[in-house]
Amino acid sequence: MKYNAGKFDIAVIGAGHAGCEAALAAARMGMKTLLFSISLEAVANMPCNPHIGGSSKGHLVREIDALGGEMGKNIDKTYTQLRMLNTSKGPAVYSLRAQADRKRYQMEMKHTLEKQENLYLKQAEIVDFTVENGKVKSVETNIGAIYEVDSIIVATGTYLKGKIYIGETSFESGPDGVFPANQFSEALRREGVHLVRFKTGTPARINRKSIDFSKMEIQEGDKNPEAFSFEDTIDLSVEQLPCYLTYTNEKTHEIIRKNLHRSPLYAGEIVGTGPRYCPSIEDKVVRFADKERHQIFVEPVGRDTEEMYIQGMSSSLPEDVQIAMYRTVPGLENAEFTRPAYAIEYDCIVPSDLKLSLEYKGIEGLYFAGQTNGTSGYEEAACQGLMAGINSSLKLQGKEPIILDRTQAYIGVLIDDIVTKGTNEPYRMMTSRAEYRLLLRQDNADLRLTEIGHEVGLISEERYQKFLVKKRQIEEETKRVKETIIKPTEEVNLFLGKHQSSPISTGVKLADLVRRAELGYDILKEIDTKRPELPEQVKQEVGIQIKYEGYIKLQEQQVEKFKKLEKKILPEHINYEQIKGLRLEARQKLNQIRPNSVGQASRISGVSPADISVLLIYLETLENRNREEKI
């Protein structure tokens, strides 16, 4: 029997990292919000690697925090280790990574959801939804509860018709033995939503007692770690747990090669496309046959468990083969599995069917976020969930959506990539995808995005005022450093010599010394006698802005060129078939994607520079015609 369970503003389907951010954002923006999970034990689950952040992903977490999201705050409470990666390179690619206490992370996020006003967390499988006059109307659970809603955010992760593969064995399941969502795919197809099959995988977990760490390289966390959230400071008294590094070898590879016929990936049983940048160990051995070894990281799953995660050895081979190959790795000779590695195949949508707001083009009020959109990774999912939550709420408030462009945020790069270009494999964020990465650093995410978070209501007034103080301090200190003259005293030249820097014979601006390769803002404190006491975040930002000012200005000039095309808005109801001069492929792609601007159109695969010239001429003709009609 079905029954009416009440009226709500927004229903979020799935309580993974995308669903949690979407629901929290919507509830905090005043929407009466439902959040459904097939199992409440799976809320904010980490079915794969137990860490948050890392190269480029750390940028996403900082941006989520700057906009008022929760992921950064939650990992700051529940980390087991913190490390800033890529510090030997430039600040554009610095990226914070935290090992997570998996269970504590889940518990903290679940409790945050439970405490949130306007948010109703429920254990249920959504099996259907209804559409009326092109707009979403309701969702239905597997036990017949029908909730009337004005907006739906689909964040089903890898649960949609999830299927697990371990060698010759396969069975329907979501991650970690949770039931899959087998019925909702058909509801989506019925409403015209295109679905494809993708695949991902995870390595085995091993009991710590069976590992010989003496054969591995230890990897400690940073001694003075930074927090992910711009609001948090790290308690240095918290013990950080080490990770370990080891390697595969020829014996490992030989076992894999001899058993490839037992891999469902190579036997053709898995039809879903896997992630290119996170391949299984058997895929690595085949694709990189010239490599004698592959890195393996052994990571703790939490503080109150003996399970260790074996990063780099995801596999879909049978368990007996897995055990044999794992035991060839130094330190894992006596490895005892607690959980075998597996591959999981699942349904996801074609993301080019979405608007940049993450609303589905064919149904008003239907939004998609996370792995459902063909992406991979917790951080990629969380940032999409946040934007879907913000934009669905803004729509119900009668406001325009927030569209972050490629010059504003990694989030903007990610969404623009999947919507404009689509993806034929699980999409992973990388620093190389961002054209303006010197402007989109992880340290300045708050300067780029906090204003937006405050405008939509996710950044409190108290936090916003603190942000304005920080911003003013950066501006004032940058101005002071640029105006301060360092005189050529004996003391100054002795200091410069100590740092292998050439002496000065006339007064030099402090900023010019900061820009010297061997010097920097922090180093020069000794001869900068009038330097005020400032917070660490302020000092860091001043140092980067001054040292890389020339490169930053160059990228800002590139951004201006980018924005000229982005400002050329394409009318929503253009019929590209009627524009003479466009190639057939360009017409088809433009009609499918429906780009917002000429800039977005220029990034569509199959739209050439010649096609863009035709669009610019077309827009100019339209503008002239409109001008004449007004006269």
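**Exercise 1.** With which residue does E307 form a salt bridge, and how far apart are the closest N and O atoms?

*Solution.* The model is predicted: local features need pLDDT of at least 70, side-chain atom pairs count only at pLDDT 80 or more, and totals for chains, interfaces and linings use all residues. Residues are numbered from 1 along each chain as its sequence is written, and side-chain values use heavy atoms, with hydrogens and water left out.

Step 1. A salt bridge requires a side-chain nitrogen of Lys or Arg within 4 Å of a carboxyl oxygen of Asp or Glu. The partner of E307 is R339, with the closest N and O atoms 2.9 Å apart.

Step 2. This pair links distant parts of the chain, 32 residues apart: E307 belongs to strand β17 (residues 307-311) and R339 to strand β18 (residues 337-339). Strands (E, at least two residues) and helices (H or I, at least four) are DSSP runs, numbered from the N terminus.

Step 3. Buried means under 20% relative accessible area, exposed over 50%, and partly exposed in between (1.4 Å probe, protein chains only). E307 is buried at 13%, whereas R339 is partly exposed at 29%.

**Exercise 2.** Determine which parts of the chain the salt bridge between K2 and E140 ties together.

*Solution.* Step 1. The closest N and O atoms of K2 and E140 are 3.3 Å apart.

Step 1. K2 lies in the segment before β1 (3-13) and E140 in strand β8 (residues 135-141), so the pair ties together parts that are 138 residues apart in sequence.

Step 2. K2 is exposed, with a relative accessible area of 56%; E140 is buried, with 13%.

**Exercise 3.** Describe the surroundings of N45.

*Solution.* Step 1. N45 is located in the loop between β2 (33-37) and β3 (51-53), and is buried at 9% relative accessibility.

Step 1. Leaving aside residues up to four places away in sequence, N45 touches H17, R102, Q106, D176 and Y378, where contact means heavy atoms within 4.5 Å.
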